Amino acid sequence: MVTAAGGAATGRTMAGEIQLADRVTRINVSPTMAVLQEAERFKARGADVVDFGPGEPDFPTPNHIKRAAVKALEENKTKYTPTAGIAPLRQAICDWHTAQFGSAYQPAEVTVTVGGKHAIYNAVCSLVNPGDEVIFAAPYWVSYPDIVKCADGKPVVVPTQEHDGFCLRAEQLERAITPRTRIAIANSPNNPTGAVIPRDEFAKIFEVCSRKGIWLLSDECYSHFVYGDAKPYSVGSLPGAKPRLIIAGSCSKTFAMTGWRIGYALAPAPVIEAMIKLESQSTSNPTSIAQYAALEALRGPMDSVKSMLAEYSKRRERILAGLRALPGVTCAAPQGAFYVFPNISAHLRPLIPTDTAMAKQLLERENVAVVPGEAFGAPGHLRLSYATSMERIEEGLRRLASFFNQKM
Ligand SMILES: Cc1ncc(COP(=O)(O)O)c(C=O)c1O
């Protein structure tokens, strides 16, 4: 049992007799994980849960990538690797990024990490001193505040507007910058809203960061899932951007490789060296055979990415139409990623006062799992992932209609 012993005064929490470090007590377990666990409990009891919770592709890792890992295993490539990753993979990340986005990185400016989250974590730990501020937009990916707090930094949240498609604007960012600001994080396409920052806005955001002498950390984990006329974009392609830019990328979503845990950071060599130092004293290196799989993902055909995008695109249209047909629910059209973020605030009432309470009710009454907006700093919303089959989306929409059509 965890009890708060002297917690209010010291911020410390006791687990039984064990006193944990402040670093751990000031952060939370990922709220999306909590929802997933609750949904799993219902499933274990035999409930037919429509699960809109997962933040990962429902597609399998493409076969050619899996085969590369098997081959690496058979060739006994099972030993430590260089901390920053095997040399061909560092080169492949640079080449792939150049081919996809028109950037110009060299292997000394890349490190392979244990997922994109690890790249963000190590970048923040490498640049933030106690009390330094890190700015990001709300709704935000759940891990940003906790990563910043873990690094003794101060999260500074800039709200974005639903009527503006939840887009981070350079002007807002500039207003939030203080002498203590060290990093601004931009996440496009965004989790949880699917917002995509237009290229000209990205250029303005970069200009603000550069003029103010702060780092821009661009989280590109959903780069290849953009809809309509939008094309994958990296601010790394902007002339002159490299000296003030850190890019966090990942194989997780693009290649349906969440469990393999391969991500990367692109940044000026001194930042990369600092990140490698941290990696060398924590993970040593990302898993060797997963690195060979990632090498194949980046060098091999991209057909599977195209087919996943085509499928997400159909689902996006269906779920958006279904949500917009619900009484009192509004929903900005996501331009990327695989999430929708409806506003359900018109349905909050004394018996269901918050989105968290609503998520609970939805699970209990309709067996529909969603993530409450509060987890992303955006009360009054729910996040639904459409990384699930069209058939489950149809069933989920039926259940949501039954829930929201009950008398308010
Ligand atoms: C916005 C965003 N950035 C980064 C990540 C990290 O993904 P991974 O560590 O699997 O590469 C995620 C995962 O959900 C995410 O949603």
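Visitor: How many bridges link β14 and strand β15, and in which sense do they pair?
Guide: In this predicted model, β14 and strand β15, which covers residues 382-385, pair over two bridges in the antiparallel sense.

Visitor: And which residue stands opposite L382 in β15?
Guide: That is P372, which stands opposite L382.

Visitor: What order do the strands of that sheet come in?
Guide: The sheet is an open one made of three strands, and their order is β12-β15-β14, with antiparallel pairing. The edge strands are β12, at 339-340, and β14, at 371-372, since each of them pairs on one side only.

Visitor: What do strands of a sheet pair through, in general?
Guide: They pair through backbone hydrogen bonds, and the pairing can be either parallel or antiparallel.

Visitor: Switching to the ligand, where does it sit?
Guide: The ligand sits in the largest pocket, and 13 residues surround the ligand, the closest being G116, D219, S250, S252 and K253.

Visitor: What kinds of residues make up that shell?
Guide: The shell around the ligand divides into six polar residues, four charged ones and three nonpolar ones.

Visitor: How far is an oxygen atom of the ligand from an N or O atom in the side chain of S250?
Guide: For S250 the distance is 2.5 Å, while an N or O atom in the side chain of S252 is 2.7 Å from a ligand oxygen atom. For the side chain of N191, the distance from an N or O atom to an oxygen atom of the ligand is 2.8 Å.

Visitor: What share of the ligand's accessible area does the protein cover?
Guide: On its own the ligand has 400 Å² of accessible area, and the protein covers 93% of it.

Technical notes. Residues are numbered from 1 along each chain as its sequence is written. This is a predicted model: local features need pLDDT of at least 70, side-chain atom pairs count only at pLDDT 80 or more; totals for chains, interfaces and linings use all residues. Side-chain values use heavy atoms; hydrogens and water are left out. A residue is near a molecule or strand if one of its heavy atoms lies within 4 Å of it. A polar contact is a pair of N or O atoms within 3.5 Å; within protein, one must be able to donate a hydrogen and the other to accept it, and residues adjacent in sequence count only if both atoms are side-chain atoms. Accessible areas come from the Shrake-Rupley method with a 1.4 Å probe; for residues, only the protein chains shown count as cover. On a 1 Å grid over the protein atoms alone, a cavity is a set of points where a 1.4 Å probe fits but cannot get out, and a pocket is an open set with protein on both sides within 12 Å along at least five of seven lines; lining residues have an atom within 4 Å of a point. A molecule sits in a cavity or pocket if more than half of its atoms lie within 2 Å of its grid points. Ala, Val, Leu, Ile, Met, Phe, Trp, Tyr, Cys and Pro count as nonpolar, Asp, Glu, Lys and Arg as charged, and the others, Gly among them, as polar. Two strands pair if DSSP finds at least two bridges between them. Helices (H or I, at least four residues) and strands (E, at least two) are DSSP runs, numbered from the N terminus.
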